[in-house]
Amino acid sequence: MQKIKNILLSVFIGSLFFSGCMKKETFPDTPQIQFLGFDNIYGTAPYPIKGVLALSFTDGNGDIGLSPGDTFPPFDSVSGFKYNLVITYFEKQNGQFQQVDFEIPFSARIPVLNPDDPGRAIKGIIVDTVPLNPNPVFDTIKFEAYVYDRALNKSNVISTPQIILRKR
């Protein structure tokens, strides 16, 4: 019995030692993002109909995310913060990238990411599916993106490399 107690005590002390050594990650309170990748999704059309944009992020106080009930100012459409992932679409026209606006927004609402532990630093990956023109006039595009946290801190702006919409 004493041997079991010693083993349990050793495991307990060891876990305290290792948990004390684990360094908590800290990040700035303003979100930061990085481009990870973009993949085309094909349907029956010869060109891709959707794309998948992947970004990594960090946020020091973990306040990225909107709940479904966040529809009042400043998170309403009039205030300009309805979307907390803002994505802008560009087409390469005559050798220059031009911003193109569509009726369907590319931007999205990231849900609350750490509801059980608000205020804790977080990091992760955001993956969003964006619509593409299945019959493009121009075959080279790119995106710019940034995020807002609940305090309306704007992250850095990332730009994807040029994306060539190839026929299947």
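Asp 70 counts as buried, with a relative accessibility of 13% (buried means under 20% relative accessible area, exposed over 50% and partly exposed in between, for a 1.4 Å probe and protein chains only). The model is a predicted one, in which local features need pLDDT of at least 70 and side-chain atom pairs count only at pLDDT 80 or more, while totals for chains, interfaces and linings use all residues. Residues are numbered from 1 along each chain as its sequence is written, and side-chain values use heavy atoms, with hydrogens and water left out.

Asp 70 forms a salt bridge with Arg 150, the closest N and O atoms being 2.7 Å apart (a salt bridge is a side-chain nitrogen of Lys or Arg within 4 Å of a carboxyl oxygen of Asp or Glu). Because Asp 70 lies in the loop between β2 (48-59) and β3 (85-93) and Arg 150 in the loop between β6 (140-147) and β7 (158-159), the pair ties together parts that are 80 residues apart in sequence. Arg 150 is partly exposed, at 36% relative accessible area.

The structure holds three salt bridges. In one of them, Lys 123 pairs with Glu 25 at 3.1 Å between the closest N and O atoms; Lys 123 is exposed, at 52% relative accessibility, whereas Glu 25 is partly exposed, at 45%. Asp 117 and Arg 120 also meet in a salt bridge, at 2.9 Å from N to O, and Asp 117 is partly exposed at 36% relative accessibility, as is Arg 120 at 42%.

Definitions and conventions
Helices (H or I, at least four residues) and strands (E, at least two) are DSSP runs, numbered from the N terminus.
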